[in-house]
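Visitor: I would like to learn how to read a few features of a model. Please take them one at a time.

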Amino acid sequence: MLEADDCVLVGVSGGADSVSLVLVLKELGYRIGIGHLNHGLRGRDSDGDEQFVSELASKLGVPFYSRRISIRPEKGNLEASGRTARKEFFRSVCEREGFMKVAVAHTRDDRVETCLLHLFRGTGLEGMVSMAPVSGNTVRPLIETSHKEIHNYLLASQQSWRTDSSNFDPAFARNRLRHEFIPKLTESFNPRLLETLSRTVELLQCEDAWMAELTSSWVEQYAVQTPYSVSVNVDALRDVPVALARRAIRGLLRQAGSDLLDITFDRIEAIRELLDSGKSGKTVQIPGRFVAERSFDLLILRQSENEATEFDYVLPIPGTVHIPELGKTFRAGVSAGTIVPHASDNKERVFVDGGRLGPCVKIRSWKPGDYYKPVGWPGGKLKKFFQRTRIPRSQRSRWPVIVSDSTVVWVAPFPVAREFAPSGRSQKIVTLEVL
């Protein structure tokens with residue numbers, strides 16, 4: 001959790017838990033600094049907390065860093081907004097002052113309360129084992145210590161602390177749980193309830209870590225990531241146990257860039273339903289501007305804003321043109337002579353009978369009714385061709401179609417259209433390629 005030479009920023013609110021944490025770390029000889037975020041929610045009391053912590057830092061002879069902010073609740077959740085603000089404050093101080101780790105004063109009681117709150121609201125195993133002892137560069141040295149033990153330590157040390165009156169406000173669910181619900185359960189069912197539940201959380205944490213490792217290995221083996229999406233074979237995901245499939249979907253969403261906020265159980269189940277037969281072409285909208293799409297034998301997770309709008313550009317012959325919607329550049333080159341070049345191994349390049357082209361071609365997005373007759377393939381509607389070659393529906397709007405007048409010349413990376421293929425009678429050869 002902590003190494004002897006770690007430089008640690010300790011988050012101190014002024015309450016009993018954080019005060020005891022900074023005293024213990026100082027006594028153990030760690031190089032520490034104190035960080036305090038004044039949320040300004042309780043007026044003079046908030047200012048009093050900041051003054052108290054500042055004086056404590058002076059008494060201990062350690063650096064003190066503070067900031068005053070005005071919190072805007074995230075979707076009405078004041079506690080979540082405060083947590084987000086503190087993380088950002090600690091991160092900025094660490095970056096600026098060179099602290100290696102952040103120590104926060106969550107206790108055994110806090111962990112049990114969080115587990116129960118998540119359970120009551122609905123959660124999986126991952127949500128029940130939050131507040132890990134170590135999470136990135138954040139450590140929780142008191143995670144196995146009770147509030148009672150902390151109070152006894154401070155009393156023995158003759159160290160005062162601040163009491164936040166909002167910790168007794170029944171409007172907050174955690175306060176109702178701490179002061180009403182848990183005491184009644186302790187009295188009625190188990191006098192050592194917090195200790196018992198804490199041990200249960202530890203057991204669940206071990207099992208969650210094991211399942212997370214299995215999921216990570218599975219995703220690493222089967223997931224295919226591109227700049228725009230992450231995909232996985234439907235049969236592979238359908239054949240694993242349901243618990244692993246649900247976790248894998250969450251892992252795939254993370255790879256696609258989702259923070260998993262507001263990703264409910266029902267949403268995960270809706271994505272799993274895309275694995276059923278007959279669901280190719282179906283999509284599920286995901287909070288955070290993401291989309292899950294079934295495309296033939298693939299489940300694709302992508303950001304919805306990556307879909308390109310319609311585009312239409314002119315490529316002079318010879319010349320180049322850049323298409324920002326695709327992030328690609330196309331080039332047309334000309335060579336004189338009657339020697340027909342061999343087909344290129346590069347699927348991003350084709351040779352065209354220049355005598356059948358005008359001074360330019362157009363590069364545009366696919367349109368309904370486009371007809372394509374590539375060399376070596378049966379001719380037909382381009383839509384059917386996309387389906388036959390299993391081009392995902394979400395990618396078709398991004399697929400460049402090169403046309404002369406209204407006739408399709410080439411759709412990379414497939415062969416050139418038959419009527420534009422060069423022959424021994426060709427007087428000019430045009431090379432079309434994607435750079």
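Visitor: Which strands does helix 3 lie across?
Guide: Helices (H or I, at least four residues) and strands (E, at least two) are DSSP runs, numbered from the N terminus. Contact means heavy atoms within 4.5 Å. Axes are lines fitted to C-alpha atoms, for helices over the stretch in contact, with angles from 0 to 180 degrees between N-to-C directions. Here helix 3 (residues 78-97) lies across strand 1 (7-11), strand 2, strand 3 and strand 4 (101-103), and runs at about 140° to strand 3. The model is predicted: local features need pLDDT of at least 70 and side-chain atom pairs pLDDT 80 or more, while totals for chains, interfaces and linings use all residues. Residues are numbered from 1 along each chain as its sequence is written, and side-chain values use heavy atoms, without hydrogens and water.

Visitor: What is the strand order of the open sheet of six strands?
Guide: Two strands pair if DSSP finds at least two bridges between them. The order is 3-2-1-4-6-5, with mixed pairing. Strand 3 (64-68) and strand 5 (134-135) are the edges; each has a single partner strand, so one side of each lacks a neighbour in the sheet. Strand 2 (residues 31-38) pairs with strand 3 in the parallel sense over five bridges, and asparagine 38 stands opposite arginine 68 of strand 3.

Visitor: Which residues of helix 6 are buried?
Guide: Buried means under 20% relative accessible area, exposed over 50%, and partly exposed in between (1.4 Å probe, protein chains only). In helix 6 (residues 147-157) the buried residues are His147, Ile150 and Leu154. Their arc around the axis, taken from the directions to the C-beta atoms, is only 60°, so they lie on the same side of helix 6. They pack against helix 1 (16-27), helix 4 (108-121) and helix 7 (173-188). The face turned away from the buried side carries exposed Lys148, Leu155 and Ala156.

Visitor: How is a pair of aromatic rings described?
Guide: The distance of the centres and the angle of the planes describe such a pair. Rings of Phe, Tyr and Trp (its six-membered ring) pair if their centres lie within 6.5 Å; planes under 30 degrees apart count as stacked, over 60 as edge-to-face and the rest as tilted. The whole structure has 10 aromatic pairs. In one of them, tryptophan 366 and phenylalanine 386 have ring centres 6.3 Å apart and planes at 70°, so the pair is edge-to-face.

Visitor: Is each of these two residues buried or partly exposed?
Guide: Tryptophan 366 is partly exposed, at 24% relative accessibility, whereas phenylalanine 386 is buried, at 0%.
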